[in-house]
Amino acid sequence: MKDLMRIKSLLSTEIETLLNQQVKKEAHSSATYLSMASWCDRNGFDGSADFFFKQSNEEREHQLKLYKYILDTGGTAISPEINNIKIEYSTFREVFEDALDQEIAITQSFKNIVARCHKEQDYVTLEFLNWFLKEQREEEYIARRALELFEVIGENGTGFWDIDKNIGGIKYSGE
């Protein structure tokens, strides 16, 4: 029966595995952003806390979109176990440095899945993943702009307050 089900699935075993790994990465990102929101809130950065709560929700939506795709194509979606979430940060800036690093890693992970889809000629999954590639362009842009505020505004005097107030206003319009 298992072989018959695999034949009926649009996904190869390897692509299904990669997509399930991506589900876990998105869940980890969501949990990490929640942790960042908590740190920001505890340290008086309300604007940044709101920003990271929104980011967490977006990552959860990405996780669910991937999860549903796996199911829709006849695969087995796996609910991930999440651990090793960083709770403390040394500085306000470090939170945003970690956020950018995380987005870059997620982009690379999607690029690896896309490369595998090309190799297997899985054009259905490639088409599905195009949405995520565009989304990652936006995510990296916003993370870079947020980090650039530390240079543009500066960290002295009311710099942190100004950065915190401007974080929520960063938008991407590069279509």
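Gln 121 is exposed, with 54% relative accessible area (exposed means over 50%, buried under 20% and partly exposed in between, using a 1.4 Å probe and protein chains only). Gln 121 sits in the loop between helix 4 and helix 5, and its phi is near 55°, a positive value in a residue other than glycine.

A word on the ground rules: this is a predicted model, where local features need pLDDT of at least 70, side-chain atom pairs count only at pLDDT 80 or more, and totals for chains, interfaces and linings use all residues. Residues are numbered from 1 along each chain as its sequence is written, and side-chain values use heavy atoms, with hydrogens and water left out.

## The overall picture

The protein has six helices and zero strands, running α-α-α-α-α-α from the N terminus. Helices here are DSSP runs of H or I with at least four residues, strands are E runs of at least two, and both are numbered from the N terminus. The C-alpha atoms fill a box of roughly 65 × 35 × 20 Å along the principal axes.

Of the 175 residues, 45% count as buried. Take the contacts (heavy atoms within 4.5 Å) between residues at least 6 apart in sequence: 76% of them join residues at least 24 apart. On the charge side, there are 21 positive and 31 negative side chains, with the centres of the two sets 6 Å apart. Lys and Arg count as positive, Asp and Glu as negative, while His and the chain ends are not counted; each charge is placed at NZ of Lys, CZ of Arg, CG of Asp or CD of Glu.

## Helix 5 and Phe 128

Helix 5 covers residues 123–152 and includes Phe 128. Its 30 residues should span 44 Å at 1.5 Å a residue, and the end C-alpha atoms agree, at 43 Å apart; the expected span is 1.5 Å times one less than the number of residues. There is a bend of about 30° at Leu 129, taken as the angle between axes fitted to the seven residues ending there and the seven starting there. After helix 5 comes Gly 154, with a positive phi near 90°.

Phe 128 counts as buried because its relative accessibility is 12%. Leaving out residues up to four places away in sequence, Phe 128 touches Lys 65, Leu 66 and Tyr 69. Tyr 69 is 59 residues away along the chain, yet the two C-alpha atoms are separated by 8.4 Å.

## Another positive phi

Asn 84 belongs to the loop between helix 3 (46–72) and helix 4 (92–120). Its phi is near 60°, again positive in a residue other than glycine, and Asn 84 is exposed at 71% relative accessible area.
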